[in-house]
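Here are my comments on the model you sent. They are set out as numbered points.

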Amino acid sequence: MSESPKSLNFIEHIIEEDLAKGFPANALRFRFPPEPNGYLHIGHASSICLNFGLGLRYNAPVNLRFDDTNPIKEEQEYVDAIKRDVEWMGFEWDTECYASDYFQSLFDWALELIEQGKAYVDSQSSEEMAKQKGTPTEPGVNSPYRDRSVAENIELFKGMKEGLYEEGTHVLRAKIDMSSSNMLMRDPIMYRILKRAHHRTNTDWCIYPMYDWTHGESDYIEQVTHSLCTLEFAPHRELYDWFLDNVADPKKIRPKQREFARRNLSHTVVSKRKLLQLVEKGLVNGWDDPRMPTISGLRRRGFTPESIRNFAETIGIAKRENVVDVSLLEFHIREHLNKIAPRVMAVLNPLKLVITNYPEGEEEWLQAENNPEDESAGFRQLPFSKELYIEQEDFREEANRKFFRLKLGGEVRLKNAYIIKAESCTKDAEGNILEVQCTYDPKSKSGSGSEESLRKVKGTLHWVSIKHALPVEVRLYDRLFTDETPDGHKDKDFLEFINPNSLEVITGYVEPSLKEANINDRFQFQRLGYFNVDEDSTREKMVFNRTVTLRDTWAKIEHKPLNK
């Protein structure tokens with residue numbers, strides 16, 4: 001049977017309707033327009049996948065545009081990080097654009113609006129303007145400066161541009177309707193004075209356009225056809241269209257703004273302001289800390305672009321906001337790494353195991369499969385010797401029948417090696433087990449085909465040879481917040497829900513093949529989880545980050561369902 005065609009999301013339906021009405025397909029153009037005031041996060045990943053995905057679907061160009069209209073918060077560091085993230089996600093933009101490239105055009109258009117009596121310079125304080133704005137149920141009051149003459153407005157506006165006035169003394173406002181039911185239409189501010197250096201234009205400008213004035217006009221200059229925004233911009237659409245009505249040439253393409261719902265992720269905050277707080281307060285180690293929901297943080301933790309794209313496709317595009325359980329994101333990285341990550345041996349909580357009947361000083365190299373999910377991954381050689389490390393939790397002196405690991409008098413198989421039997425153990429004065437003594441069946445070697453090797457035992461343990469083991473730093477990352485909606489409590493600060501156990505740093509022991517691993521290489525530590533090589537690694541000291549556990553350990557803790 002052939003697969004049924006994938007259903008269209010509502011944005012694609014809008015585009016299909018436009019094409020059906022005769023809009024030329026070769027004129028389609030999209031854009032991804034981040035503000036460079038922070039690092040991109042998992043919410044931006046959905047927008048990236050939407051806009052660039054539409055570009056791929058319709059064979060249309062997609063611009064990467066930086067809406068850099070606020071020199072107070074924007075930096076070149078963020079521009080570079082955003083470009084790096086989009087490329088890492090696997091997408092290519094057609095043109096790299098900046099709203100700052102259009103500052104002169106925006107200024108010239110603003111002058112035209114003044115000349116047409118559709119904009120004026122207001123000299124009130126921000127507090128006075130806020131009082132006159134009215135409420136959703138009460139109309140606003142006209143500014144006492146609303147009826148300034150065109151000549152005076154032009155003189156003042158040009159003086160603002162030339163730096164003749166201090167910050168806060170004047171703003172340029174559009175003259176629309178102070179009684180509009182949409183408060184955004186009540187003479188919105190178009191320009192404010194900011195005597196700050198811009199990361200691209202330096203001190204060329206000391207007035208900067210507001211986002212609402214810049215947004216639609218930038219789309220128009222670039223001839224973007226479908227301007228896709230998150231739902232909070234829905235009330236802004238009327239203003240978007242008003243500005244275009246007064247600027248756009250009817251012979252050119254007029255952009256169309258449409259909105260989709262932001263998807264919030266449980267146990268996470270994605271507000272740039274709050275993420276910046278985490279960085280500035282030292283609660284994380286920078287924007288790319290592997291606990292952060294930034295794309296840079298996810299990349300450093302070991303996530304793959306494919307897993308994030310698959311996650312974005314699964315949650316889809318909707319018209320209503322909801323909370324997506326972070327376990328869905330974790331599912332997608334597990335699913336992808338299960339296919340591509342080599343299996344290796346590592347012990348994180350070591351207990352010494354001695355095989356008493358194994359020949360003294362002898363070692364052998366066993367064959368181990370790299371990935372049973374990938375036949376092309378091949379095999380590697382694994383050293384085996386008399387003294388091994390196993391995980392402490394894999395041994396008990398006494399245990400019930402449901403404990404399928406090693407216990408005194410019990411047998412287990414060592415992965416890729418032999419069947420062993422625990423004979424005795426050594427303890428310290430406090431009763432802590434220091435060493436387990438075992439015997440092995442030399443005829444039970446995995447893969448040998450002998451009758452003994454085919455004998456069934458219920459438990460299989462991972463291990464490393466002590467003589468050959470490589471000590472490494474292992475960073476065990478967990479969710480940054482203990483609450484599913486940390487910023488959803490009106491009476492509590494989101495920082496109250498920081499998970500004190502979101503990072504544990506330990507020394508682990510890994511098989512010697514990992515000496516050759518490179519930064520960002522990903523592995524499955526058998527029976528433990530998925531890990532990747534952190535950028536802090538050196539040849540002298542390897543550092544591994546836990547990307548995700550093999551199973552969702554939080555599922556046992558939490559039972560409250562989320563909107564999925």
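Predicted model: local features only at pLDDT ≥ 70, side-chain atom pairs only at ≥ 80, totals over all residues.

1. Most residues other than glycine have a negative phi. Asn 202 is found in the loop that runs between β6 (189-193) and β7 (207-209).

2. Gln 223 is another non-glycine residue with a positive phi, here about 60°. The loop that holds Gln 223 lies between α7 (211-222) and β8 (226-230). With a relative accessibility of 21%, Gln 223 also counts as partly exposed. Buried means under 20%, so at 21% Gln 223 falls in the partly exposed class.

3. Which strand runs parallel to β12 (residues 343-344)? The partner is β27 (residues 522-525), joined to β12 by 2 bridges. Within this pairing, Val 344 has Phe 525 of β27 as its bridge partner.

4. Strand β27 is also paired with β28 (residues 529-533), in this case antiparallel and through 4 bridges. Arg 522 stands opposite Asn 532 of β28. The two strands β27 and β28 make a hairpin, with 3 residues between them. In the turn, Arg 527 has a positive phi of about 70°. Strand β27 therefore has a parallel pairing with β12 and an antiparallel one with β28, given that two strands pair if at least two bridges are found between them.

5. How many cavities of 30 Å³ or more does the model contain? The count is 1. The volume of the largest cavity is about 230 Å³. Its lining consists of 21 residues, and those closest to the centre are Thr 268, Arg 291, Leu 298, Arg 301 and Val 326.

6. Two or more residues of the lining of the largest cavity come from each of the elements α10 (295-301) and α12 (326-340). Helix α12 gives the most, with 3 residues.

7. What is the make-up of the lining of the largest cavity in nonpolar, polar and charged residues? There are 13 nonpolar, 3 polar and 5 charged residues in this lining. Two arginines, Arg 291 and Arg 301, are among the residues closest to the cavity centre.

Note on methods:
Residues numbered from 1 in each chain as written. Heavy atoms only, no water. Buried < 20%, exposed > 50% of the residue type's maximum accessible area, 1.4 Å probe, protein only. 1 Å grid on protein atoms, 1.4 Å probe; cavity = no way out; pocket = protein on both sides within 12 Å on 5 of 7 lines; lining within 4 Å. Points joined across faces, edges and corners; volume = space filled by probe spheres on them. Nonpolar A, V, L, I, M, F, W, Y, C, P; charged D, E, K, R; others polar.
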